[in-house]
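The sequence and structure come first.

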Amino acid sequence: MALGGFFGRLKQGLSRSTQKLTEGITTVFKKRRLDDEALEELEELLISADLGTEVAARVIDTFRRTRFGTEVTDEEIKTALAEEVSAILTPVAHPLVIDHARKPHVVLVVGVNGTGKTTTIGKMAQLYREQGMRPVLVAGDTFRAAAVEQLQIWGQRTDAPVIAGPPNADAAGLAFQALTQAKAEGADVLLIDTAGRLHNRSVLMEELKKIIRVIRKQDPEAPHSVLLVLDATTGQNAIQQVRVFREMVDVTGLVVTKLDGSARGGIVVALAQEFGLPVHAVGVGEQAGDLRPFDAGDFARGLVGT
Amino acid sequence: MFEALSDKLGGVFDRLRGRGALSEADVNEALREVRLALLDADVALPVVREFVAKVRERAVGTEVLDSVSPGQQVVKIVNDVMIEQLGGAGAVPLNLTAVPPVPILMVGLQGSGKTTTAGKLGLRLRERLRRKVLLASLDTQRPAAQLQLAQLAERAGVPSLPIVAGQTPVEIARRAMDTGRREGFDIVILDTAGRLSINQELMAEVTEIRAATNPVETLLVVDAMTGQDAVNTAKAFNEAVGVTGIVMTRMDGDARGGAALSMRAITGAPIKLTGISEKLDGLEDFHPERVAGRILGMGDIVGLVEKASETVDQEEAEKLARKMAKGQFDLEDYAKQLKQITKMGSLSGILGMLPGVGKIKAQLEDANLDTSILKRQGAIISSMTPKERRAPDIIKASRKKRIASGSGTSVQEVNRLLKQFDDMSTMMKRMNKLGQKGLMRHGLSAIMPKGMAPRNRPY
Ligand SMILES: Nc1nc2c(ncn2[C@@H]2O[C@H](COP(=O)(O)OP(=O)(O)OP(=O)(O)O)[C@@H](O)[C@H]2O)c(=O)[nH]1
Ligand SMILES: [Mg+2]
């Protein structure tokens with residue numbers, strides 16, 4: 001993953017999704033007085049990117065205070081808006097740092113159904129292999145049909161070993177056993193996949209807690225990272241997802257997937273303000289190479305279309 | 001939220017009590033609140049605009065009745081328009097009238113729930129309509145997707161098209177239809193790979209699949225948690241394949257589900273089905289009048305009543321109610337009640353369906369109740385003698401020990417149950433006094449037995 005290619009591809013992924021917004025801003029703000037009406041339209045553009053009504057209003061308030069009544073071009077507006085959003089996101093833009101002293105650094109991957117947990121694990125495995133590490137994958141989704149096979153294919157693609165149990169095996173027991181094995185083999189990272197679950201199902205959330213309890217019997221500090229995978233098409237419910245998962249399993253960071261689509265993932269801005277959890281990476285496709293570090297400036301510029 | 005909305009609207013209209021017809025200015029002020037409520041529920045912006053215009057049209061000039069507040073009147077109009085826009089009362093069934101094998105095409109974004117829904121649909125059509133169904137996965141994109149559908153099909157007792165490696169989705173679709181014809185299937189369900197609405201290549205592919213199979217139903221599968229992007233998805237898929245019906249999945253989550261309104265408004269296609277659990281039987285008809293309340297935050301009271309009447313033995317329930325009213329409720333009755341509650345599903349699920357439970361639900365989430373506690377309590381009670389159940393007061397130390405070991409629990413748990421039963425008797429007396437209104441006002445704490453402890457407290 002060359003660095004130049006990285007920005008290019010991120011931009012490419014994001015730009016498609018922001019075309020609409022760009023068009024909107026362009027038509028609204030071509031050399032125009034920034035009056036109430038203009039601000040309202042700008043606010044609606046943010047809302048349609050899933051920032052939510054409150055956060056959009058807050059961002060626009062700042063605009064009102066600093067720029068109300070001035071003549072602005074759409075370029076100025078976009079740059080200023082991107083800066084505004086970027087300032088909110090910068091504090092949460094932290095890559096996931098693998099602690100090489102852990103051997104293995106245990107990463108538990110959680111989230112609601114279909115957000116992209118398994119795919120993200122595949123992409124992470126690819127990334128760590130490229131960096132010369134030894135990742136081991138754990139097929140902790142023992143519930144969904146063919147979930148184990150799905151992860152096994154990712155293991156083949158990325159040349160990473162996959163530890164799996166029999167169908168309907170106890171995920172906690174499997175994770176425990178996997179940690180033992182990974183330790184013995186000197187793995188650098190242990191990526192534990194889990195079944196998708198709705199955050200309002202307390203029994204299922206309890207199962208996740210059990211996985212953590214059980215692996216802590218072996219390593220009291222594990223899991224060293226708990227990643228919550230969020231789908232960029234998700235609306236305001238993402239806030240509730242983060243709240244509950246964080247309370248139940250101490251989420252340490254977020255990964256936002258499907259940013260290659262038309263969804264702009266504006267909910268990330270709301271999440272940054274509400275929880276301040278690190279956003280480690282974004283998913284921009286279905287292939288192994290489609291994981292990018294989260295960059296506040298790029299994301300913000302992508303969001304407003306500069 | 002709906003309560004909050006009606007409160008806000010009440011405030012807006014307080015000062016116009018008894019002033020006759022609603023003016024445009026007054027209505028506009030109220031509609032700003034409506035707009036925010038809809039956006040917070042993830043209804044897409046263009047759809048919100050249209051919706052608000054409709055409400056305005058209907059509200060302006062309406063006479064303010066003496067019996068209700070202007071705020072309530074607007075809320076009623078909002079609710080009516082919502083139900084209409086979601087498709088009016090009642091469910092729209094799948095269209096299956098065509099020469100067999102009838103093709104049903106499943107389309108949607110990645111991770112929206114197509115494959116699970118295909119499996120559920122197979123089971124439903126086989127069980128309820130006794131149709132001979134063939135399931136076929138055209139998803140050559142996602143690892144193990146075809147295997148996933150094959151496994152689901154097996155669980156559903158429905159045949160699936162044998163997997164042939166190397167075939168393109170269009171080739172698989174043709175093979176599925178051929179097999180359907182040759183082997184006398186009534187229905188062929190075609191599951192496709194998830195695709196982004198902006199991926200032109202994959203959208204062209206699904207158009208081609210459609211042309212090759214000519215499906216009677218093309219179902220767009222949408223996650224109930226979807227945000228503003230619902231508009232783009234609805235437009236793109238409708239243009240590419242002509243959506244005939246929508247399936248909203250993950251309705252068992254706690255998203256307000258505004259995407260349902262967006263999808264319906266943009267495609268014009270009815271929402272036909274909803275996914276309500278991960279299990280294969282978790283597929284239900286869509287009832288606009290229920291989901292309207294949910295989008296507005298009003299709760300799904302009809303859904304609750306229906307779910308209750310499906311699972312609860314009516315006579316039993318009435319007998320219990322009479323006993324409660326008379327204060328003759330004993331542990332035997334409590335055990336029966338526990339069984340019914342367990343049958344109805346998790347407590348939070350039930351309470352989520354009640355109107356105006358925002359407050360109660362928040363308390364519940366804090367408490368994080370779980371029905372497994374109820375099952376254990378059921379076990380404790382069944383280890384008691386009939387005499388003990390009728391007169392729990394006689395249960396002293398030695399009896400407690402016997403009951404605990406008989407039910408595989410601890411004396412502590414037995415104590416907790418007895419205490420809870422005691423609390424519950426008190427609660428019932430209070431509930432009778434408070435009535436429905438009081439329950440809403442004071443929330444769950446007014447009635448909740450203290451023994452219903454949070455899950456995270458070790459049991
Ligand atoms: N376009 C795109 N698709 C993605 C991305 N990440 C995941 N997907 C797709 O989303 C779908 C679901 O991904 P999975 O990795 O199976 O999701 P999951 O969270 O493991 O799903 P469950 O285990 O079923 O809960 C698959 O079709 C993936 O290919 C992304 O960044 N972009
Ligand atoms: Mg998975």
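## Chains

The model is predicted. Chain A has eleven helices and ten strands, and 56% of its 306 residues are buried. Chain B has 20 helices and seven strands; of its 459 residues, 46% count as buried.

Among contacts with a separation of 6 or more, residues 24 or more positions apart account for 81% in chain A. The corresponding share in chain B is 75%.

## Domains of chain A

The domain assignment divides chain A into domain 1 (3-92) and domain 2 (105-294). Where they meet, 19 residues of domain 1 are in contact with 21 residues of domain 2. On the domain 1 side, α1 (3-29) and α4 (74-89) of chain A each supply at least two residues. The most comes from α1(A), which gives eight residues. By class, this side of domain 1 has 13 nonpolar, four polar and two charged residues.

## Contact between chains A and B

The contact between the chains takes 36 residues from chain A and 36 residues from chain B. On the chain A side, at least two residues each come from α2 (36-47), α6 (147-158), α8 (202-216) and α9 (237-249). The largest share of that side, four residues, belongs to α6(A). Its composition is ten nonpolar, 17 polar and nine charged residues.

## Ligand 1

Ligand 1 lies between chains A and B. It is surrounded by 27 residues, of which the closest are Gly116(A), Thr119(A), Gly196(A), Gly283(A) and Gln110(B). Helix α5 (residues 117-130) of chain A provides the largest share of this shell, three residues. By class, the shell around ligand 1 has 15 polar, eight charged and four nonpolar residues.

## Nonpolar cores

In soluble globular proteins, nonpolar side chains tend to be buried together. The largest nonpolar core here has 186 residues. Those with the most contacts inside this core are Leu137(A), Val138(A), Leu190(A) and Leu191(A), together with Ala136(B), Ile189(B) and Leu190(B). Leaving aside residues up to four places away in sequence, Leu137(A) touches Ile121(A), Ala125(A), Leu151(A), Trp154(A), Gly155(A), Ala160(A), Val162(A), Leu191(A) and Asp193(A).

A second, separate core has eight residues, including Ile380(B), Met384(B), Ile403(B) and Leu417(B).

## Strand β3 of chain B

Strand β3 (residues 187-191) of chain B is mostly covered, with five of its five residues buried. Side chains in a regular strand alternate between the two faces of the sheet. In β3(B), Ile187(B), Ile189(B) and Asp191(B) point one way, while Val188(B) and Leu190(B) point the other way.

## Helix α10 of chain A

In helix α10 (residues 267-275) of chain A, the buried residues are Ile267(A), Val268(A), Val269(A), Ala270(A), Leu271(A) and Ala272(A). The elements that cover them include the helices α3 (53-67), α4 and α9 and the strands β8 (253-257) and β9 (279-283) of chain A. After α10(A) comes Gly276(A), with a positive phi near 65°.

## Backbone details

Each chain has a cis peptide bond to describe. In chain A, the bond from Ala222(A) to Pro223(A) is cis, with omega near -10°; Pro223(A) is placed in the loop between α8 and β7 (225-231). In chain B, the bond from Pro100(B) to Pro101(B) is cis, with omega near 0°. Pro101(B) is found in the loop between α4 (70-86) and β1 of chain B.

Ala146(A), with phi of about 60°, is in the loop between β4 (135-138) and α6 of chain A. Ala146(A) counts as buried because it has 23 C-beta neighbours inside 10 Å, and the cut-off for burial is 20 or more. Arg130(B) has a phi of about 55° and is in the loop between α5 (114-127) and β2 of chain B. Arg130(B) counts as exposed because it has 8 C-beta neighbours inside 10 Å, where exposure requires 12 or fewer.

Definitions and conventions: Residues are numbered from 1 along each chain as its sequence is written. Chains are lettered from A and ligands numbered from 1 in the order in which they are written. This is a predicted model: local features need pLDDT of at least 70, side-chain atom pairs count only at pLDDT 80 or more; totals for chains, interfaces and linings use all residues. Domain bounds come from an automatic or database domain assignment. Two residues are in contact if their C-beta atoms, placed from the backbone, lie within 7 Å. Ala, Val, Leu, Ile, Met, Phe, Trp, Tyr, Cys and Pro count as nonpolar, Asp, Glu, Lys and Arg as charged, and the others, Gly among them, as polar. A residue is near a molecule or strand if its C-beta atom, placed from the backbone, lies within 6 Å of it. A nonpolar core is a set of buried Ala, Val, Leu, Ile, Met, Phe, Trp, Tyr and Cys residues joined through C-beta atoms within 7 Å.
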